[in-house]
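Let's walk through this model together, starting at the surface and working towards the overall fold. Keep the structure open in your viewer as you read.

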Amino acid sequence: MGELKSNGRAFIRGEILIHHKDYLANGSLIVSEVTNITNKEVLTADGHQLTYDYLVVATGHYDPLPVTRTDRLEEYQTENEKIKEADSILIVGGGPTGVELGAEIAVDFPQKKVTLVHYGSRLLEFIGSKTSDKILKWLKNKNVEVKLMQSVDMSNNTNNLGGNRTYFTSSGETIRADCHFLCMGKPPGSEWLRETYLKDRIDNFGRLKVDENLRIMGHRNIFAVGDITDIKFKQGYSAQKHALVAAKNLKLLMSGGKESKLAMYEPRSSPKIIVSLGRQDAVAQFWFTTIIGLVPGMIKSKDLYVGKTRKKMGLQPK
């Protein structure tokens with residue numbers, strides 16, 4: 001429920017990388033793939049059999065990433081170098097990640113040709129059309145070429161003599177770029193759940209069905225939070241609220257409290273949305289207005305909430 005920027009900033013400095021041991025003072029950490037869930041146990045690939053009274057499933061989206069801090073930093077650095085060495089860059093996907101990546105490259109490397117291709121009729125289709133229009137205008141003013149209502153056939157691109165590649169869009173257009181970034185939605189991290197005790201609680205989109213208390217439907221002691229749930233609108237700050245509700249309910253149940261006192265998660269009918277546009281600007285959509293420029297940029301664009309997140313977890317900035 002959060003985005004990564006490929007050209008570094010806080011990520012290259014390592015501020016976004018947090019060891020679980022830094023904040024998980026009263027728990028233990030097992031790094032392993034979960035292979036099964038029963039009504040009593042969680043089984044892992046390395047042979048652990050973990051008995052539970054209460055369980056929280058928070059597997060998000062499927063996004064295989066390096067496990068170690070060193071490997072993660074190396075990946076960020078590699079993508080940073082890929083951008084620096086390219087003269088032309090293709091971004092596929094006009095959601096938050098694609099827009100923010102395109103905007104940041106356009107600001108930090110204005111001499112590079114950036115092309116963004118999106119299959120929808122407008123960018124960020126989950127927000128208001130006026131906000132989408134403002135973002136499109138901002139990108140065009142930064143010389144980002146935006147192609148809407150098109151997709152890119154990633155299985156059919158060819159190398160050119162100059163070192164770049166030729167990409168073909170669904171409308172027959174040709175795009176030449178030195179590198180590309182796929183910024184499309186990733187599938188929920190739920191495929192492994194289809195052979196578990198929870199297999200009947202997965203909807204057609206691969207998400208776990210939850211009730212208003214964030215418990216998985218039909219299970220009084222199993223919760224789910226974040227992108228894996230079937231709650232409609234999700235962003236980073238929403239996941240934090242999921243966690244607060246689930247933690248409050250777990251504390252209540254574990255202390256013998258009444259289920260009638262369980263906290264409910266209530267999504268906002270008009271969620272707050274802030275999309276970073278480079279290092280200083282951003283566009284913010286509130287229920288009463290939409291603003292673009294330095295003011296919303298002060299809220300998010302400086303460090304993409306990294307400092308705020310570290311503070312909430314009781315950690316010092318690096």
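Patches here are made of residues with over 30% relative accessible area and no salt bridge, where like charges are joined within 9 Å and nonpolar side chains (Val, Leu, Ile, Met, Phe, Trp, Tyr) within 5 Å. The areas come from the Shrake-Rupley method with a 1.4 Å probe, and for residues only the protein chains shown count as cover. A salt bridge, in turn, is a side-chain nitrogen of Lys or Arg within 4 Å of a carboxyl oxygen of Asp or Glu. One housekeeping note: this is a predicted model, so local features need pLDDT of at least 70 and side-chain atom pairs count only at pLDDT 80 or more, while totals for chains, interfaces and linings use all residues. Residues are numbered from 1 along each chain as its sequence is written, and side-chain values use heavy atoms, with hydrogens and water left out.

With that in hand, look at Y23, L24, L29, V31 and V67: they make up a nonpolar surface patch with about 480 Å² of accessible area together. V31 sits in the loop between α2 (20-23) and β1 (34-37); helices (H or I, at least four residues) and strands (E, at least two) are DSSP runs, numbered from the N terminus. V31 has a relative accessible area of 61%, so it counts as exposed. The scale is simple: buried means under 20% relative accessible area, exposed over 50%, and partly exposed in between (1.4 Å probe, protein chains only).

Now for the charged pairs. How many salt bridges does the count come to? The tally is 9. In one of them, the side chains of R279 and D108 meet at 2.9 Å, N to O. That pair links distant parts of the chain, since R279 is in the loop between β13 (273-277) and β14 (281-285) and D108 is in helix α4 (residues 96-108), 171 residues apart. R279 is partly exposed at 41%, and D108 is partly exposed too, at 23%.

D203 and R207 also form a salt bridge, with their closest N and O atoms 2.9 Å apart; D203 is buried, at 12% relative accessible area. Then there is E259 with R220, whose closest N and O atoms are 2.6 Å apart. E259 lies in the loop between α6 (236-254) and β13, and R220 in the loop between β11 (179-182) and β12 (222-224), so this pair ties together parts 39 residues apart in sequence. E259 is partly exposed at 31%, whereas R220 counts as exposed at 58%. Elsewhere, salt bridges that share partners join K113, E145, K147 and E173 into one network.

Next, the sheet. Three strands form an open sheet in the order β13-β14-β15, with antiparallel pairing (two strands pair if DSSP finds at least two bridges between them). β13 and β15 (290-293) are the edge strands, each pairing on one side only. β14 and β15 pair over 4 bridges, and Q285 stands opposite T290 in β15. In strand β13 you'll find L277, which is buried at 1% relative accessible area. The C-alpha atoms of L277 and I135 are separated by 8.5 Å, although the two residues are 142 apart along the chain.

Finally, zoom out. The protein chain has 8 helices and 15 strands. Of its 318 residues, 41% count as buried, and its C-alpha atoms fill a box of roughly 65 × 45 × 40 Å along the principal axes.
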